Amino acid sequence: MKARELLIAISIALMVLLLAYVIELGGLGPLAPYALRDIARAYLEYVYNPWNVTASSMALEAVTAIVWDYRGLDTYFETSVLFVAIVGVATLYRGYRELRGLGGVGLSEIVKTSTRVLIPLILVAGASIAIHGHLTPGGGFQGGSFMAVLMVLLVVVFSLDYAFEKGLTSSRLLAIRSAGLVGILLTSVALLIAGVVAGAGAYVFQNMAREGSDLSMPSWFLDRPLGGTLFLFNVFESLAVVSGLTLTFIVLALRKEEVDQALATGEWCE
Amino acid sequence: MSDYFSLMFTVVLLSLVVNIGIALYGIFIKPSLVKKFIALTIFSDSINSFAIALGFRRVTGSYPGVAVLSDVPRGVEELRHFSTASVDPLPQALVLTAIVIGLAVYMFLTGLIMLYYRHYGTTRVDAARGGSRE
């Protein structure tokens, strides 16, 4: 047993040394270079480019533009992975019941009052991160996780009973989660449907006008750039993330009486 | 001065590699599933920081900016200037994806570990090898 641990330690030390040697030799290219990679320069120069709309996403934030426009399909599957993980957690605990009146009282009155003050602040900050995802650093996922912190606070400070009373049941949260995913799906094919109806060419995950298709999502709202689909994607993604993370946390925070039935079936351990 | 910067940057990157090694050691050696889980989060955070650091670039005379246009550009020259003064946005986008997928994996693992604890009464991996089953 001791020899095995020693062997693991030596091989890991060797791995670290070799990786450090490769980095020192320049295996990852020049470190902290003055020049930018070509693909990065292309992203930066076309992220908001009204003089070349067919390569632009008309948003001010390069990271959101890459995540939801240039690599949109990638991010769609990433959202699906998150959804599958949530379904997986719910399946692990299948057969659980949400019981009311188990006598959860939460934390003291001081903590509850200060949390009540915090609730609107966290909601507004999270929503602004999500809705301004195409203008400032942030986006749907970041804003959604920001708001999910609020839900976790709610469950911890006010007890699970309170959350169930306020309507945070897992079936409702799963419904919101699925609605967010359906919204993302509809946004991604919106221009395709419009193209089929109007008899013009269009693509899946199309945002602005591209080569061979003149259709375009709105790029301005009043006096601000809107980024077309990016805004819708961010809003739906934040909905999906906040409900999905809250659902997982509620399932993980279930009391003993509620998961007893799930454990009693015993199929999963054989 | 420039060499000093290079040296410090390399030191930061190499310390992240050492961090990756220590986290891997924790994943392999620690018997408790919770400690393995913590080591796994440190492992993935180190790799994410490493990827972000690779996207860093230097700008002569000042610091590089974030990859966000602070105002609507009025000409192509402004965009050229933006691309010479901003960091690489691609690693940031990839790390964002990695964080989301990592979070999905962590949620599933947390559920599994909690079920394991409720069944065996411990989070040690050797409990499942028979003997101490309730």
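Predicted model: local features only at pLDDT ≥ 70, side-chain atom pairs only at ≥ 80, totals over all residues.
Before you start: local features need pLDDT of at least 70 and side-chain atom pairs count only at pLDDT 80 or more, while totals for chains, interfaces and linings use all residues. Residues are numbered from 1 along each chain as its sequence is written, chains are lettered from A and ligands numbered from 1 in the order in which they are written, and side-chain values use heavy atoms, with hydrogens and water left out.

**Exercise 1. Work out how many residues of chain B are in contact with chain A, and what area the two chains bury.**

Step 1. Count contacts (heavy atoms within 4.5 Å): 57 residues of chain B are in contact with 59 residues of chain A.

Step 2. Now take the buried area, meaning the accessible area (1.4 Å probe) that two parts lose on being put together, summed over both. The pair buries about 5400 Å², with 77% of it on carbon and sulfur atoms.

**Exercise 2. Find the polar links across the interface, then say which elements of chain B touch chain A.**

Step 1. Salt bridges need a side-chain nitrogen of Lys or Arg within 4 Å of a carboxyl oxygen of Asp or Glu. The whole structure has nine of them over all chains, and two cross the interface of chain B and chain A.

Step 2. Pick out A:Arg37 and B:Asp88, whose side chains meet at 3.0 Å, N to O. A:Arg37 sits in the loop between helix H1 (2-25) and helix H2 (38-46) of chain A and B:Asp88 in the loop between H3 and H4 of chain B, so this pair joins two chains.

Step 3. Count polar contacts, which are pairs of N or O atoms within 3.5 Å; within protein, one must be able to donate a hydrogen and the other to accept it, and residues adjacent in sequence count only if both atoms are side-chain atoms. Between chain B and chain A there are twelve residue pairs in polar contact, both at pLDDT 80 or more.

Step 4. Helix H1 (2-29), helix H2 (33-54), helix H3 (76-85) and helix H4 (89-120) of chain B each give two or more residues to the side that touches chain A. H4(B) has the largest share, 20 residues.

**Exercise 3. Describe the second largest cavity: its volume and its lining.**

Step 1. On a 1 Å grid over the protein atoms alone, a cavity is a set of points where a 1.4 Å probe fits but cannot get out, and lining residues have an atom within 4 Å of a point. The structure holds two cavities of 30 Å³ or more.

Step 2. Read off the space: about 30 Å³.

Step 3. List the lining: A:Ile66, A:Val67, A:Arg71, A:Asp74, A:Thr75, B:Ala93 and B:Thr97. H3 and H4 of chain A, together with H4 of chain B, each give two or more residues to this lining.

Notes
Helix = DSSP H or I, 4+ residues; strand = E, 2+ residues; numbered from the N terminus. 1 Å grid on protein atoms, 1.4 Å probe; cavity = no way out; pocket = protein on both sides within 12 Å on 5 of 7 lines; lining within 4 Å. Points joined across faces, edges and corners; volume = space filled by probe spheres on them.
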